[in-house]
Each structure stands twice: as C-alpha cells, then as structure tokens.
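Please read them with the sequence and the coordinates open beside you.

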Amino acid sequence: YDDDEEEDEEDDDEEEEDESEGQGEVGMEDENEGAAAIHGNVQVGNDARDRDADADADADDMGARTLPPSRFNALGAPSLTAPMGASSDGDGAPRKKGRVYLAAARQSTLLQIYDAELLLEGKSEREAVVWEGRGCGIGASSLRSGGSGGRVKTPRMHAVKAKEIRMFFTGPAPVSGNDNNDAATSPYLRSLCLTVETDLGDIQLYTATERRADDDRPDRSISAGSPRVEFARVPLRLSARPGREEARHRAKLRRRGMLPRSDPSAGAGAGAVPPYRYHRLHRFHSISGQSGLFAATGWPCWIVSERGAPGAVCHRCRHAAPGGGTEGGPVGGFSSELPGATSGNSGFLTIHERVGRVGSQRISLVSGLSSVFTPLGLLPGGQLTLQKLPLGATVRSVRPLTDPAVSTPAHPIYAVLVSRETETDQSNLNDDGLTSEERRKMREEREAARTQRQVEADLGGFDVEQEWVEEIEREDCLGVEVGLGGAPPIPRRVYELWLVDAGKGTGEGDSTGWNVVDMFQLDEWEHGLSMDVMPLTELAEEAQGGPGGGASAAAKIEEGKSDDINFIVVGTALMDKDGEDIGSKGRILLLQARRAAGEVKGTEVDDGRAELSLVYEKDISHGPVATVSSLVSEGKSRLVVGAGADINVEQWGDGKLTQVGFFRATMHIQDVSLFKNFFLLSDAYDSLHFLVWRESDKSLTLLAKDYEPLAVYATGIIGRGGTMSFVCHDDRQNAQFFQYAPSDSAARGGNKLVCRADVHLGTQTTAFSSHWCKSPLVVHSATPQSTLAALKQRDPLFGRGDDDNRFAVHFGTTDGGLSAIIPLSDQSYWRLTALQSVMGNALESNCALSTRSWRLYRRAARRGGCRSNDRKKGVIDGELVCKYVDLPLTEQEDLASAIGSTVELIVDNILELVCSSMVV
C-alpha cells in the first residue's frame, strides 16, 4: 500500500481528510517509504503450517475472540468480547473465525488495519478499514482509533517513519491436538502486541487493550461494530540505536580497508534505489512453549511475556564480532521453524558475525529457552532473566570453585554457606532420676552455701553478685511439668557448608541439577558469618621469621617453587548457651574440595563426586570473624581476617596460619574491600578507614579516614581511568562517595577522606560487588573475553581511554531489587544532570511527589550536629533519566532543546549508561 503524503494543513472536515488519506493502490512498495505486516491465520485442513499465536487464538472454540489484557490491566481486567470488525455480513450471517488482517504504517504516522478478505472481495479501502489511529513511528504513548481527531504532533527536527512493524501474540503457545489446552482456557496469560522499528533504530512495543468505559469523548471508530481498541506503549528502557562508539569503530575499519567504503552517491537522487534490507522483526511460536517476537535490531532482544506482561530480554551471541560486525547489526538471520522439532519446543537458529576475519559468520542452533520459561523462571525486568533454585535452606553466601580439577564445565561446583532451622529434643529433662525429697535437699544445700558466701563477702568487704550470676543453673529458673507435656523442643539454627553440583546428572533424582554432593556441619552454637574461595601461598616457616626470612621468601617466589593452594575459608562466631553474658569468639576454618576416585561404568569413566575435607582450624579470641578476603602482594597470597575491631593478615605455611600483620579499628569491622595493596575498612559505628599494606615491614598503615560517626552497612570501590572513589551505604539508606585527596584543603592535610557526592537510595543493602563496565562494542557478546581480544587486535588504541577502564559496583537490595552505581565522564554527567532537572519538572511523578527531594541525603537526628548542612548531591538518578528513551519523539526534542543538546547525544549517553550497568 502506498504511503499517503504528509498534510501540512488541517482540514476542518473530517470526512474529506479521511478520504484524502485513504487513497492507495495494491502492490509492492519500498521499505524506506512504509511498512506493512500481516496479522491473522489461514487454516488449511489439519496441517496448518502457519501456527502463529494469532492463529491459535482464532482457532479456539470460544464464542468470540478475546484480546488478553496488557501489563497495565493484567490483574483481572475485562477482555474484549468481539474481534476487530466482528460485524456480520450484509445478509446478517456472522463471519467465520480465523480472519486475516493487514496493518499498514504510513509516513504521516497513520496506522491502519484492514480486513484482507474484504480487500480480496473487491471492497474499497475505506470499507475494508476496521481500525486506524495516528502516532505510529514517533513513539506515541498510545495509539487510539481516531483518538485526536486526525491530528497528531509531529517531530520538528526528525523526519522519522516506521521502517518495519509486526503484530504478534506473547504468552504460552497453545499445542495443537491437546484437549486440555491451558492457554486456550487462560486468555489472561496472552497479550496481543505490536512492535514498531523506526528508521532511527528505535524499538517501540505496544499492547492491545480495551479503551476504558469512563472515556466521555465520542468514539471515532470507523466501523460501528468494531470494539474500542487502543495500543498502549510498554516502556522497555533500552535504546536500540547504533551508538557513536560503534560508528567510530566502523570508521576505523574502513580507513584500514577491513570494511568496504560506502559509496556516497548510493541512494542519492530521486530515482535511486535504496539498498535491500531483510526483515528484522521475527515472530516465533512454540519455543519452550512460548510465543513472542525476536528483534534482530541494533540491540537484539526477545519480546516475551510473563503472566500476561510483555517485556524485553537481551540476546547475546557467543564469540560475536566487536560492535555487532557490519552495518546489518549483531544478528543477521533468525529462524524458529526447524524441521523435526517436537511439539511445544521447536528451538531456533541465529546467524551472526563472529570474531576473526571481518565478515565471517557463525551459525548457532539452540534447543530453546527452557531456563527462562521453567516454572521457577522469572522476568524481573532490566532485560534480565532469573531462575529460582529451591534448596530448602537459607543461603548465606555462594562462591564458585575455579579449580579445574574439581569444577568442570559439565559439572560446575559451588560452595554454599546455608543455615537450617531445626528443633532440639529435651525429653531427657522430663526425668532426672531424683525424687522430690532429694531435689529439695539439693536446693537447700545450694541456698546454704550461697548464704555463707554472702556473709563472708560482707565481712570481707567485697561483692559476690557476679559469682552468683555465673552459678545460676537452668533448673533454678525453670521447672518441668510432665503433666503439661514435659520439656518442649527448642528451635535451633544449624549452619552448614555445602558443595553443590550445578550440572545435570544422569542418575535418578539428579536430572534437575543443583544437587548437594557433600556438606560440612559447624559445631553447636557456632554461626557461619563469612565464606570465600581463595588461593593461599605456601611459605616455609624459616622464610617467615628471622632477619633473612623476607629475602628467602622472595627468592622462593621468583624461582617458582611456591605453590598456591585453593581453600574454602569460613569465618564463624561462637556463642554458647550463656548468650550475651560472655563475649563472642570466632573461628577460621580452612577446607578443601577434592574429587573422589572415579568408577568405571562400561566404556565410560566416572570423574567421581566432589568431597569436602577440613584441613585446618584456628580459634580467634578477640571477636567473631565477620569477613575474610585474600591479599595478593608481590606474588604472595595471604588471608585477611576481620574479627571484632581487629584486622589480621594471616600467612599459610607448614600446615598452619601465622599472623604477620594487624590493625585495630574503633568498634567492629563490618566489611573489608581490597584494591591491590590498599584496604578499605568499614566500621559498624565509625565510618571508613583507608589503609595501605607495606610488604617491606609487613605493616598496615592508616592513610585517611572519615571522622563522622557513620553506621556503615556496605562498602565498595568504583574507578574511572586513574581516579578511584569509595562508596559506603549507611543505616539511613544513603550512599556517600569519598576520595583520598591529600592535596585537597578539605582533607585536613591528607588525614580525612573527602566526601564528593551523596544520594538517598531508598533501599537497604549489605554488600557491594565490583564489575567492569562493558563497552557498547562488546555488550552483545556472551563471551566478552574473546570479543574484547578481537577488538584490541582490530583497534590497538582501545583500552587507553578513561571510559574504556571503568569499574562500577552492583548490589542487591532487601526488597528484591538489583541496582548498579556507575562512574561517568564530566561531559556525560553535566548533560544528564541538566536532563534530570528538566525531566523532574516536566514529567508526572507518582502521587505528585518530588523526585529531587526523594534523592536528597537523609540525616540521622543523633548525628545532625556532626555533619555540615550542605548536601553534596552529584549523583544522577538513572531510573528517571532512562525514561527518556520511552518518551514520544516530540517530547524528546522538547527536552533536548530545553537543555541545549540533541536527542542523539542524550540517547547515546543513556546507551552508555545501560551498557555499563549490564552485570551479566
């Protein structure tokens, strides 16, 4: 269908305007001038090869087609009761089900849906139109049938149009020949969606829903029998446009002759033929029992649905070429119609450019997305997928084992510290073997002895009250009444260290994976607080002490005779039955994981199961072991232990741990973060301490600290180029950013950490983890190491800039969220700061609350006088600025003009933000 011309003047007569826009001819049309998509089904006997989601919905036995609600009304909202254009024919007979619709997007942002059967019968376009609305291609928040009287605000600085559109269903795919069809009886799990790709590279997702009944405006639907349907846009929070970094990378390849230079005369002139372009929006069905769409655009993603709510999941390719390869995008081909596929799980095939010679391709055949759509799978948002693993215990810490002798790709092994709730049987207290007279005599004897000690204390002038407390027995306070049921069981928490095999086994009960192969239970009244997997260097005892010990140890390292042994280190706290009456102590456990001897099973040899063995244990008397970590200095790996208010550096040698360095903090060590030989300590009540380890004299020296009495819950380190900052999270759900700047006037001669920024997170966390900020050139690769190596071969200058060497922190929250804190360049920061200020005023917020005040630093009343009144701020609210990519293009232009920037620069900064926050 030909595209209608853009109208510069608005006609007051609505009928004349509709007639002028409806003119067109049937035939082939160039992609750059418009886009069209067929939606519906064609049933041919029992062998319907076009098993589309819409075909399955039309083939059910329900009285009328139902359009399941979108994510905006997925909790029981009414569905549509009639299909589009469900009016009867001229003779009054109802039309048959399984109709074919055709959707056409025009340059004037007009989206029209036709009944293809009426067109084939010779009816005019106006008679065949069943639905039309404006705003397609410019990112309108909703597409309504005649919603704005034929008027729509068009962009002023962008001539954008829809390049490709696709209508599809998301949700469980009905299985043909199944009488108990769950998808047919659960329409709320399926949603009718529309995906639009513009010539700028943007992806826009809409879901079909019924217009609200409280809309008092007149219905401008074309057909009287058609329902009031609107397509509401779903925010995806992603930018599929090619970034400036990708353009610079391709320009370098062209200058070096690795890519052909584009002909500037190609496509110029009125009679020029635009280059051929494959379809990039691919519908699929029955992949892991699901239907949806795969978008092979600049940002490959899956449009899938969870409980009726469609969303996007990022797609990555193994050994993908840097920057997505050539101009076609990261994925060049996709197919889900594989021969010989089973019903409900057809799998899919992709073609993408791989590392190596420029232009070489790789074919990937995947059986399905079962890990996503299992009963325990989740789509939390942020283009991530989760899978719950029920272990039947509370998981305290998880660490992977990297020793290839223990953990293999087929059977990866994880060390998991868990706790279980059990009950202790006290039935032995019901009968102590004594009579009532004997118990009375024992109580009288203890009372007489206590009275005698009190008299002696009064005559001697000292107090024996503390001795009384230590001599109190349980039977003095509690009595057991056998007639009332006896001594009840006492709940008790047991801590264990598990070795979990994440690979799928072949035996009975091992097919699901994540099986516990071995465990080590801690002692009674012992709590596991920390756990980590680390290598420790074996150093001889004579090399640890004496005047020549350091030199001999260094010589041993240089000769390569020292060995690094992998240990599972567990830090515990010992608290016996007396509870808080006595001080808590700790213990360090060193365990090793080994493979047992394999068994010969026919022609195959079993590798054997992994086993745990306790190698060494050491008691810590000055407090519980809250944190353990590894310090690597001059090729030697040592153990760093945070117990109580002390930091101890332990060295492994001759089968034992020997303390070689220490530092005493103020109250209690909460966490320790290491960067090379620098220590960042978080005190539970005395903020941060910045230390340095000196290998020459094996000492920990305090460089600077924060003097504010801050209760720190978590600490982390972020860096960009040669700049490093410290992040701390306190009990008021704030995050503060410090720097060690001895030359700054606020550093008090270099003894104080300078606060650079602060923000209110609004959620609680207990740990920060660091990750490397991915570049947009490698973010689409499932194997970033190989892609990064290929990128450095093609561009030797990559990695020398500050933005190429950035480290961020990510953290999980107590309310089930996942967030990241990313360092930005000055140019990006100031641009996004201006955008944040404008968006905070221009956009509607929840309950009319201020997003600016929500992110202000929260002070504690008890520390109000210790901190200056000024707030540093200096943090971008990524949740707010990422909404920019989901706004209509007209609003994007207005916001960009308000800050003196362009839409392209802002979108490129948000793309950098999204890529840097990709943790997995």
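**Notes on the predicted model**

1. Ser 286, at 11% relative accessibility, counts as buried, where buried means under 20% relative accessible area, exposed over 50% and partly exposed in between, using a 1.4 Å probe and protein chains only. This residue sits in strand E10 (residues 281–287), and although Ser 286 is not a glycine, its phi is positive, at about 60°. Most residues other than glycine have a negative phi.

2. On the basis of these notes: this is a predicted model, in which local features need pLDDT of at least 70 and side-chain atom pairs count only at pLDDT 80 or more, while totals for chains, interfaces and linings use all residues. Residues are numbered from 1 along each chain as its sequence is written, and side-chain values use heavy atoms, with hydrogens and water left out.

3. Asp 654 also has a positive phi, of about 55°, without being a glycine. Asp 654 is placed in the loop between strand E31 (646–653) and strand E32 (656–664), and with a relative accessible area of 42% it is partly exposed.

4. For the chain as a whole, there are 16 helices and 43 strands, these being DSSP runs numbered from the N terminus, with helices (H or I) of at least four residues and strands (E) of at least two. Of the 920 residues, 45% count as buried. Among contacts (heavy atoms within 4.5 Å) between residues at least 6 apart in sequence, 62% join residues at least 24 apart.

5. Helix H6 (residues 244–255) has twelve residues, which at 1.5 Å a residue should span 16 Å, and its end C-alpha atoms are 17 Å apart, which agrees; the expected span is 1.5 Å times one less than the number of residues. Within H6, Glu 246, His 249, Arg 250 and Leu 253 are buried. They cover an arc of only 95° around the axis, which puts them on the same side of H6, the arc being that of the directions from the helix axis to the C-beta atoms. The buried residues of H6 pack against helix H11 (784–794), and just after H6 comes Gly 257, with a positive phi of about 80°.

6. Where is His 158 found, and which residues does it touch? His 158 lies in the loop between strand E5 (142–144) and strand E6 (162–172), and it is buried, with a relative accessible area of 14%. Leaving aside residues up to four places away in sequence, it touches Leu 200, Leu 889, Glu 893, Val 903 and Glu 904.

7. The structure holds 31 salt bridges, a salt bridge being a side-chain nitrogen of Lys or Arg within 4 Å of a carboxyl oxygen of Asp or Glu. In one of them, Arg 587 pairs with Asp 523, the closest N and O atoms being 3.2 Å apart. Arg 587 lies in strand E25 (residues 585–595) and Asp 523 in the loop between strand E22 (515–521) and strand E23 (526–537), so the pair ties together parts that are 64 residues apart in sequence. Arg 587 is buried at 8%, whereas Asp 523, at 44% relative accessibility, is partly exposed. Asp 523 and Arg 587 are linked with Glu 526 and Glu 617 in a network of salt bridges.

8. Glu 695 forms a salt bridge with Lys 636, with 2.9 Å between the closest N and O atoms. Glu 695 is buried, with a relative accessible area of 10%, and Lys 636 is buried at 4%.
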